[in-house]
Amino acid sequence: MRDFLTVTKALFKANYGMDLKSKQGKKGIAVAAVLVVCLLPTFALLFNMFQTGFATHTVDLLIMEMGFAMICFLMLWTALFIFPSIFYFSNDLEHLLVLPITPRVIVASKFVIVYVSLLLVSLLGMVPMLIAYISAGNVNILSIVLFIPQILLIGAPTAFVASIFWMIILRLLPFFKNKDRFNMITGILSIGIAVLIGIGSSQLGANVENPMFLMDMLQNNPENLLKIVRIFANVPFAARSIVEVSFIDFLITLAITLILGVVFVICADRLYLSAARESKVSSAGKKKKVSYRNQGSVSWSYWKVEFLRLVRTPAYMANCVLSALVMPVMFIVMAIVTPGMSEIKEMLTSQAINIQDLVNLPLILVIAGAAVGFFAGSLNGISATAFSREGKNLDFVKYIPFDFTKQVMIKGSVGTLFSVLTCVLMLFSVHMILPYPIWYDLFFLLGSILTTVLVNAIAIFVDGIHPKTDWEDETSAVKNNMNVVLEFLISWAILAVTVAPFFLFGLMASWEMYSIIMLVIILLITIGFVIITPKVILKHLMQTSK
């Protein structure tokens with residue numbers, strides 16, 4: 001037990017950086033607190049959704065099952081990506097294997113780290129559901145007593161299933177044991193799954209014309225709908241144990257968890273250790289032959305190094321570049337497969353309707369481009385990890401004989417490039433629906449460039465003053481980096497501040513003038529960030545190196 005607690009504590013500090021004795025750990029706690037505050041609107045949204053359903057007191061069991069299934073699906077999706085990174089592709093594995101501890105201690109400690117991550121995901125849905133269930137008048141003490149353990153238990157079977165799945169796959173298929181190959185394949189698969197989900201939701205929205213259709217199905221014929229959510233074996237029993245106050249169902253939930261736990265231990269004993277020893281960590285650190293021939297200008301050479309390191313490192317390519325392409329690709333596919341989209345374009349074309357004659361299309365496209373730019377700029381995390389990806393080599397950027405301002409500009413330009421590419425891909429889905437001259441897209445690009453430059457400047461600023469350099473592998477540098485979240489929150493706060501007065505004061509009559517003023521303000525903010533960012537970052541880095 002002592003070995004287990006010691007290893008778990010060390011892994012917890014390494015993965016979450018929550019060491020209260022260190023300055024970095026205190027910053028992590030502060031960032032986590034800010035994140036919780038920012039998630040309050042999401043909690044409120046989920047609370048209202050669950051409360052509306054529980055208030056009817058007729059479909060409590062069904063809503064509980066659907067809520068639990070939604071949470072389990074999110075946890076399964078998270079576990080499928082977290083488990084291999086922590087169990088197989090972590091640099092601490094080679095140190096743990098030589099310690100005088102049993103393999104079960106390693107497995108148990110690593111599973112705790114995985115489960116804590118999944119528990120944080122489950123709390124996002126379980127806490128609003130519990131509060132909504134109580135506020136809707138379900139004040140049965142036994143129901144509440146049975147609900148509280150489910151906060152910890154609901155995700156355990158899902159975690160065990162995901163763990164067993166990957167232990168079998170990585171033991172039987174050596175192809176996946178290379179981390180770079182694994183990250184690339186899972187990144188592509190995530191795009192494919194996201195596209196399929198988008199297609200499914202689009203088809204469902206097109207087929208369900210009556211907004212009461214879903215509620216009628218839920219009340220009159222719920223079995224067809226719940227066949228999907230009951231793929232999680234523990235969900236029906238967990239929901240019934242709470243709604244019907246059934247201790248038998250609660251014991252069945254415990255039995256399912258225990259059985260899967262035993263299967264997990266058996267698989268870990270027989271499959272994990274041999275596969276973990278053969279797993280290969282990222283090859284990004286391998287030395288490559290360097291050519292010292294004339295490489296052109298220093299700025300161009302520096303830009304190529306930043307660009308090629310981003311696209312050639314599979315962890316960065318999968319988590320930064322490919323993740324940013326999910327949304328535009330999904331919109332394109334949805335525009336192709338959604339019924340009625342082509343008919344809308346044909347109708348507008350056949351009737352010779354010129355959109356540019358009906359509205360101020362250039363200004364609208366600039367606004368639309370600016371809005372999409374906010375979204376695309378904060379989506380990829382390239383600039384928000386620009387300094388973090390330097391790792392222990394961060395001192396290199398401070399002392400090389402190359403102007404630091406140019407270095408910051410180049411790092412930001414790489415993120416801006418991919419952000420603008422995301423905006424351009426968005427235009428394909430727009431042209432599939434609306435017929436207008438293609439040269440009008442220049443106005444859209446103008447707005448998108450304005451905001452993507454701003455968002456990437458904010459991202460560089462955040463990562464420059466708080467870089468995450470203490471990471472074990474490339475995946476940790478970008479995937480568990482809270483700077484991405486902070487940059488997202490700051491940039492979208494700016495967007496909210498610029499948009500809120502329009503709705504609060506009812507300025508629809510003067511929307512053109514208001515839009516122009518806000519665009520000018522955003523331009524000034526962008527110029528300010530671009531000017532001060534290199535100076536602030538350099539000053540901060542120099543102070544921390546003393």
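I started with Arg309, which is partly exposed at a relative accessible area of 26%. For my own use: buried means under 20% relative accessible area, exposed over 50%, and partly exposed in between (1.4 Å probe, protein chains only). The side chains of the two meet in a salt bridge, 3.2 Å from N to O. I count a salt bridge when a side-chain nitrogen of Lys or Arg is within 4 Å of a carboxyl oxygen of Asp or Glu. Glu306 and Arg309 both lie in helix α14 (residues 298-312), three residues apart, about one turn of the helix. Helices here are DSSP runs (H or I, at least four residues), as are strands (E, at least two), numbered from the N terminus.

A note on the source: this is a predicted model, where local features need pLDDT of at least 70 and side-chain atom pairs count only at pLDDT 80 or more, while totals for chains, interfaces and linings use all residues. Residues are numbered from 1 along each chain as its sequence is written, and side-chain values use heavy atoms, with hydrogens and water left out.

Next I looked up Glu390 and Lys411, whose side chains meet in a salt bridge at 2.7 Å, N to O. This pair links distant parts of the chain: Glu390 is in the loop between α18 and α19 (395-399), Lys411 in helix α20 (residues 404-431), 21 residues apart. Glu390 counts as buried at 8% relative accessibility, and Lys411 as buried at 2%. Salt bridges with shared partners join Glu306, Arg309, Glu390 and Lys411 into one network.

Lys411 came up again: its charged end sits over the ring of Phe387, 5.4 Å from the centre. That label needs NZ of Lys or CZ of Arg within 6 Å of the ring centre and within 35 degrees of the ring normal.

How many salt bridges does the whole structure hold? I found six. One of them joins Asp269 and Arg104, with the closest N and O atoms 2.6 Å apart. Asp269 lies in helix α13 and Arg104 in helix α6 (residues 103-135), so the pair ties together parts 165 residues apart in sequence.

Last, the rings. I noted 19 aromatic pairs. Phe160 and Phe264 make a tilted one, 5.5 Å centre to centre with 45 degrees between the planes. Rings of Phe, Tyr and Trp (its six-membered ring) pair if their centres lie within 6.5 Å; planes under 30 degrees apart are stacked, over 60 edge-to-face, the rest tilted. Both Phe160 and Phe264 are buried.
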